[in-house]
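Please read them beside the model.

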Amino acid sequence: MNQEVLLFEMPIQYFLEIAGTFFFAASGSLALQHKEPDWCGAAFIGFITAIGGGSARDILLGSFPLVWVSDILLIYAILLGIVFAHFAFPLFVRLRKTMLLFDTMGIAFFTIIGTEKALSLGVRPEIAAIMGMFTAVMGGVIRDTLTNEVPVLFRKEIYASACLAGAVCYLLLDFMDLERNSNFLISSGLIVGIRLLSVKYHLSLPKFRNQ
Amino acid sequence: MNQEVLLFEMPIQYFLEIAGTFFFAASGSLALQHKEPDWCGAAFIGFITAIGGGSARDILLGSFPLVWVSDILLIYAILLGIVFAHFAFPLFVRLRKTMLLFDTMGIAFFTIIGTEKALSLGVRPEIAAIMGMFTAVMGGVIRDTLTNEVPVLFRKEIYASACLAGAVCYLLLDFMDLERNSNFLISSGLIVGIRLLSVKYHLSLPKFRNQ
Amino acid sequence: MNQEVLLFEMPIQYFLEIAGTFFFAASGSLALQHKEPDWCGAAFIGFITAIGGGSARDILLGSFPLVWVSDILLIYAILLGIVFAHFAFPLFVRLRKTMLLFDTMGIAFFTIIGTEKALSLGVRPEIAAIMGMFTAVMGGVIRDTLTNEVPVLFRKEIYASACLAGAVCYLLLDFMDLERNSNFLISSGLIVGIRLLSVKYHLSLPKFRNQ
């Protein structure tokens, strides 16, 4: 990869990571509606939701320093996301479908970014796919665990499995030497597509055990 | 330790670790009976249960890469365990006593393996005992925490304390220069014995506070 | 800092850390009153409460070995704290106000110690403040999560935000070159003051969302 491509690519991916972090913090800080948290509680949960997935990935991979520890911009994106959520809450309610789209795009980007980071640290593709999925869902899992909610993994719609499918798709196309940017678009698009269709048509995976 | 002994020993211990991981994944994926998880949710919990204890130990000890990140066979053992649990569930129910034996043997092996790994990283014996116990029980603790169940630590029968007793026994016999394989058998046997007796005779430790 | 100052300072700070660990273990082991834990369950929770905050900080900062892994005295302080809690429980109840003071002092010391440790590892002040707050509150958060209680963050009184205020105060005064021991006293005093006043006058932060 030559320097010019790098200059062209980095800002886009970096912008997506900042935007995803902003959005995760916003949705996390609003997750506790009926617990009526104060500002500090809401900010804490927004923060954990935003950094949880990436931190889980990097800790499991032993990759230090964590991204948000070394890049202060992510902290400010989180703070902005929390303040934004406070003021924009009525907007969130009115634009529920737009918000679902943003949320799904955030999950899709985080999956592919996480898969790429794991690959770049030299792990096998199977591990990279798991790490990509963790990057996307662990923030929500930790959020639900800390707040005693039903974990996002056991709700109806297809969620973690869409991320896993996207990560596997990315790895296959990467193995077939597809150019990276196209791969990013196709694989994250697959995640967005699976998730939106499953929400629209109430699709879900088969139960693990039939009664 | 000469090379021949190593060749003889490694496969057995390695086989036990693979078998224990397989079994932890199977029992973990069945842990959520009344939450009716889909395949993805069940697999996620099976995965976390299988890797949770060893990962907690290695992260607390700062020992990277984690075992399952560097050894792909463990991932396949987990996948097999989850598929096995799906098909063998009726068997699980019918052979409940056999399953309790397997579960207890898994916990016993994980305790000793975890204690040995911590020792090999140069920590003090007290820490090694705690890490051995963590290796055995943290998978279940994380599983129960993620799924909002009553944590395994607060159920009736003796559990974590049996692991701790086995780890301390291992360390004492090791200090007395007992040969390693005999020590492994005696110490893990102690864990199995304490646990099975406590289940059979409903033994439990004294309450922390009398009412 | 010359050697004599170091000799003078270390024991005090080290004593505070040991004392704080002792007290966190004691209060943690008593946290599960209506779950009637046995000795092992109570000790496990006491242990997690005592080491949780510092471990979370050090893992997030990638600073290994963890303090309690390399310093066995902390393990014995924890064990003593658990035994003390068992025998001194009636005392705890009778001296509730004294205990609140001890608890608050423990949180205040842990905040400043955590902030200093993070700074010494070279992170930015914003991250150091977050890490200081984490050091103080994460033990309680993990305790409440493992035991399915309402997380300490969502209870009424000001708690995490008092720690954050103290950490920010420390960083500001440090930036203004205030001598370290005075800074330690002022900043931890601020935390104690905010927390005690908020308990006495039932002060709380504004809700994140008005109904």
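Predicted model: local features only at pLDDT ≥ 70, side-chain atom pairs only at ≥ 80, totals over all residues.

**Notes on the chain contacts and salt bridges**

1. Across the interface of chain C and chain A there are five residue pairs in polar contact, both residues at pLDDT 80 or more. A polar contact is a pair of N or O atoms within 3.5 Å; within protein, one must be able to donate a hydrogen and the other to accept it, and residues adjacent in sequence count only if both atoms are side-chain atoms.

2. Residues are numbered from 1 along each chain as its sequence is written, chains are lettered from A and ligands numbered from 1 in the order in which they are written, and side-chain values use heavy atoms, with hydrogens and water left out.

3. Chain C gives 30 residues to the contact and chain A gives 31 residues, where contact means heavy atoms within 4.5 Å. Between them the two chains bury about 2800 Å², 74% of it on carbon and sulfur atoms; buried area is the accessible area (1.4 Å probe) lost on putting two parts together, summed over both. F154(C), F208(C) and R209(C) supply 30% of the area that chain C buries against chain A, more than any other three residues.

4. A rotation of 120° with 0.0 Å of shift along its axis superposes chain C on chain A, with an RMSD of 0.0 Å. The superposition is by least squares on the C-alpha atoms of residues with pLDDT of at least 70 in both copies. Only 13% of the interface residues of chain C are also interface residues in chain A, so the copies meet through different surfaces.

5. Over all chains the count comes to 15 salt bridges. One of them joins the side chains of R143(A) and D144(A) at 3.2 Å, N to O. Both R143(A) and D144(A) are buried, meaning under 20% relative accessible area, with exposed over 50% and partly exposed in between (1.4 Å probe, protein chains only).

6. In chain C, R180(C) forms a salt bridge with E116(C), the closest N and O atoms being 2.7 Å apart. R180(C) is partly exposed, with a relative accessible area of 23%, whereas E116(C) is buried at 14%.

7. Salt bridges that share partners join R57(A), D58(A) and K117(A) into one network.

Methods: Salt bridge = Lys/Arg side-chain N within 4 Å of Asp/Glu carboxyl O.
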